[in-house]
Amino acid sequence: MFSQVNKWLYISFGLIFCLTFFTKNNYHGVNRIAPDVLHAPVQEKIKGNEHIDFEIKGYSYDLTPVFEYEINALVVSKLNYKLFGIYRSDSIFPVDLCMIWGDNVLQKLYKNWTLRFSQDCRWCEVEWWGNLDFKLNEYSNCHLVTNKKSILKKINRIVVGDQLRIKGKLVNIEGALVGKPDRYTPRQLSWKSSVSRTDSGAGACEIIYVEDIVFLRKANQISYYLFHLSLYGLLILTAVNIVRFFV
């Protein structure tokens, strides 16, 4: 009896895992658009000149705010560098988001299956085939910076397809090593945020010190929860079977 139940649970969890692995991060299926996502980001002069200073994992960071910033956009790609990065300094940018807004959303260009976004080494690349009027000034690669656990929890909840409002400050960053160096640990770090939506190439990314995140519309929630349910189910079944094998 146990072997039959065990078999069908493995099959069920395995099928759910495989199906939801591809649907939990899907922006092509987004239909309901939050009105704010159709507007361009708002960038305003900074009020005051106070720096933001903190330490994370052996680095002391000095953030210079240059503009107040608010972006409402659709997430089309997300990469967590704390999971895939090799540098200790990656901890200051736990997540990069590639996002689109304006006509790219209004015209439902993101539904075109030739449109592809990819992230690597802090870059977000976009490509497509054929005649697609994709506006490069209405997409952005955003480095999210935070030293607050409450904000980090919200960042970790973001999935591809979410429509977000991110409020904070565009910042330039200087970092200095205060801990022990290692192979992948430079002693000094320096990053400058883009302050224009029309630039491109290296230095065209927005570095946002995040002060608030609002989920305008969540995406793929059923797939997201079923994926994690099936993943934990497979892990528990495997652990139970290992225990039974040695008992």
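Modeller: One term before we start: a nonpolar core is a set of buried Ala, Val, Leu, Ile, Met, Phe, Trp, Tyr and Cys residues joined through side-chain atoms within 4.5 Å. Keep in mind that this is a predicted model.

Biologist: Thanks! Which residues have the most contacts inside the largest nonpolar core?
Modeller: Those are Ile71, Leu97, Met99, Leu164, Ile166 and Ile208, in a core of 20 residues. At least two residues of this core come from each of strands E3 (59-80), E4, E7 (139-145), E8 (163-177) and E10 (206-217), and from helix H4 (149-157).

Biologist: What is Ile208 in contact with, leaving aside its neighbours within four places in sequence?
Modeller: Its partners include Tyr69, Ile71, Cys142, Val145, Ile166 and Leu170.

Biologist: And what's in the second core?
Modeller: That one is separate and has 19 residues, among them Ala34, Leu74, Leu115 and Val126.

Biologist: Switching to cysteines, how many disulfides does the structure hold?
Modeller: It holds 1. Cys98 and Cys124 form it, with their sulfur atoms 2.2 Å apart. The pair links distant parts of the chain, 26 residues apart: Cys98 sits in strand E4 (residues 95-100) and Cys124 in strand E6 (residues 123-127).

Biologist: Is that disulfide left-handed or right-handed, and why?
Modeller: Left-handed, because the torsion about the S-S bond of Cys98 and Cys124 is about -80°.

Biologist: Are those two cysteines buried or exposed?
Modeller: Cys98 and Cys124 are both buried.

Technical notes:
Residues numbered from 1 in each chain as written. Predicted model: local features only at pLDDT ≥ 70, side-chain atom pairs only at ≥ 80, totals over all residues. Heavy atoms only, no water. Disulfide = S-S within 2.5 Å. Helix = DSSP H or I, 4+ residues; strand = E, 2+ residues; numbered from the N terminus. Buried < 20%, exposed > 50% of the residue type's maximum accessible area, 1.4 Å probe, protein only. Contact = heavy atoms within 4.5 Å.
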